[in-house]
Amino acid sequence: MRKNKIVLLSALVACALLAGCNDEKKDSVTIEFMHSSVEQERQAVIGKLIERFEQENPGITVKQVPEEDAYNTKVTTLARSGALPEIIEISHDYAKVMDKEQLLDREAIEGVITTLGDSAFYDGVLRIVRTEDAKAWTGVPISAWIQGIWYKKSALANAGLQPPRDWDSLLAAAGALNDPAHKKYGIALPTAESVMTEQAFSQFALSNNANVFDASGSVTIDTPQMAQALTFYQALAKDTMPGSNNVMEIKDAFMNGAAPMAIYSTYILPAVYSEGDPQDLGFVVPNQKSPAVYGMITSLTLTAGQTEAETDAAKKFVVFMEQAQNAADWVLMSPGAALPVIRAVSDTPSYKDNPVIKAFGELPAQLIAQYPNVQVFGSVGDKNFTRMGDITGSGALNAMVNNVTVGNKDVNATLAQSQTRIAELAAQ
């Protein structure tokens, strides 16, 4: 009899232990974080962030999903197979496409931004990630880069030139510095059929109040304001290197001294830090009727179709990533190139004392101060038209610019053709 009691007691203990294990499994959740950092050193940084998060949040496991090639295509493929990661690092451009396809959890994103508070972000940042109806956001911003005109202070000073402040002074400076006979050019300007060309041209167009859409969503390519901007860009291209210039040609020309001015993103800073003189670098933005800076906001977005437990865990992870030191660790994977969008990051010792940030003195703060001037095609007031993502993906705008610069086509005829093509795309 005693033996039977022992067996029964052992069975009850085993059952209790098993139930405890089941409860533990029930309370634990695994989520995936898809990002574009495929380099081992960056994955190590993200790994440490995840490790800290998991220590603070027992029961939540975060799995890295690094992707680089065909990143946006991979997102689409995963969505179709029902295997979309709970958290995705995404540009504000492609976030519009994801929102259009209803792949985003707007409510979860809003919950994170509400938790952090609007004031946690620099002015102008959240505006760029607004949805088309201006009622929600497409992601939680974590970093950004901006683009404008970089110049070598010494080169302009030696030529007796002041830094250009508007279209006329920029065109005059580029013309004065241009010496193609000696393979010296006034400015390194994007002209290839690439997204960089669209981004560069957008700054001039938007500074002249020319946009792809108006407030009602009508396509506004063939307008006097757009014609003025495209005519100017065509004239400026006469002072750049021949042929179709893209990222590498522009960076090389600026770094090797072939062009003392260039339109490029903040990703020029690491190259200048390692190969040039950080104190000789200046930055201005095109200004006609208003200043216009092209900027790319990187967000951590939360995807739709997840379980309640997965969404709750994902929200906790994004809130964690947006905390000052954690966001600083993220930004400093590309010091100088990636700019903080969370105000508190700039006050962290790791950011302030970073050798790249210190080398450029006041420049990083001056770049951050440009956020209110960030303008992008397809953004009108608080509206960000989702169709803009498809238009950028089509290459219609960079082909338009390439036609008048490299192809030397007529501006008005090119605009008329582009109006028709983009209106067709917008109607799809």
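How many helices and how many strands does the secondary structure of the protein come to?

**Figure 1. Overview of the predicted model of the protein.** The secondary structure comes to 20 helices and 10 strands, and the C-alpha atoms fill a box of roughly 105 × 50 × 35 Å when this is taken along the principal axes. Of the 428 residues in the protein, 53% are buried. Among the contacts with a separation of 6 or more, 78% are accounted for by residues 24 or more positions apart.

**Figure 2. Close-up of helix H20, residues 411-427.** From its first C-alpha to its last, this helix of 17 residues reaches 24 Å, which is close to the 24 Å expected at 1.5 Å a residue. Val411, Thr414, Leu415, Ser418, Ile422 and Ala426 are buried in H20; because they cover an arc of only 95 degrees around the axis, they lie on the same side of the helix. On the other side of H20, Gln417 and Ala427 are exposed. What covers the buried residues of H20 includes helix H10 (224-236), helix H18 (387-394) and helix H19 (396-405).

**Figure 3. The N-terminal end of H20, capped by Asp410.** A side-chain oxygen of Asp410 lies 3.2 Å from the backbone nitrogen of Asn412.

**Figure 4. The largest pocket, with about 1,200 Å³ of space.** This pocket is lined by 35 residues, of which Ser36, Trp145, Tyr267, Met296 and Thr298 are the closest to its centre. Strand E4 (residues 140-152) gives the largest share of the lining, with 4 residues.

Notes
Residues are numbered from 1 along each chain as its sequence is written. This is a predicted model: local features need pLDDT of at least 70, side-chain atom pairs count only at pLDDT 80 or more; totals for chains, interfaces and linings use all residues. Side-chain values use heavy atoms; hydrogens and water are left out. Helices (H or I, at least four residues) and strands (E, at least two) are DSSP runs, numbered from the N terminus. The expected span of a helix is 1.5 Å times one less than its number of residues. Buried means under 20% relative accessible area, exposed over 50%, partly exposed in between (1.4 Å probe, protein chains only). The arc is that of the directions from the helix axis to the C-beta atoms. Contact means heavy atoms within 4.5 Å. A polar contact is a pair of N or O atoms within 3.5 Å; within protein, one must be able to donate a hydrogen and the other to accept it, and residues adjacent in sequence count only if both atoms are side-chain atoms. On a 1 Å grid over the protein atoms alone, a cavity is a set of points where a 1.4 Å probe fits but cannot get out, and a pocket is an open set with protein on both sides within 12 Å along at least five of seven lines; lining residues have an atom within 4 Å of a point. Grid points are joined across faces, edges and corners, and a volume is the space filled by probe spheres set on the points.
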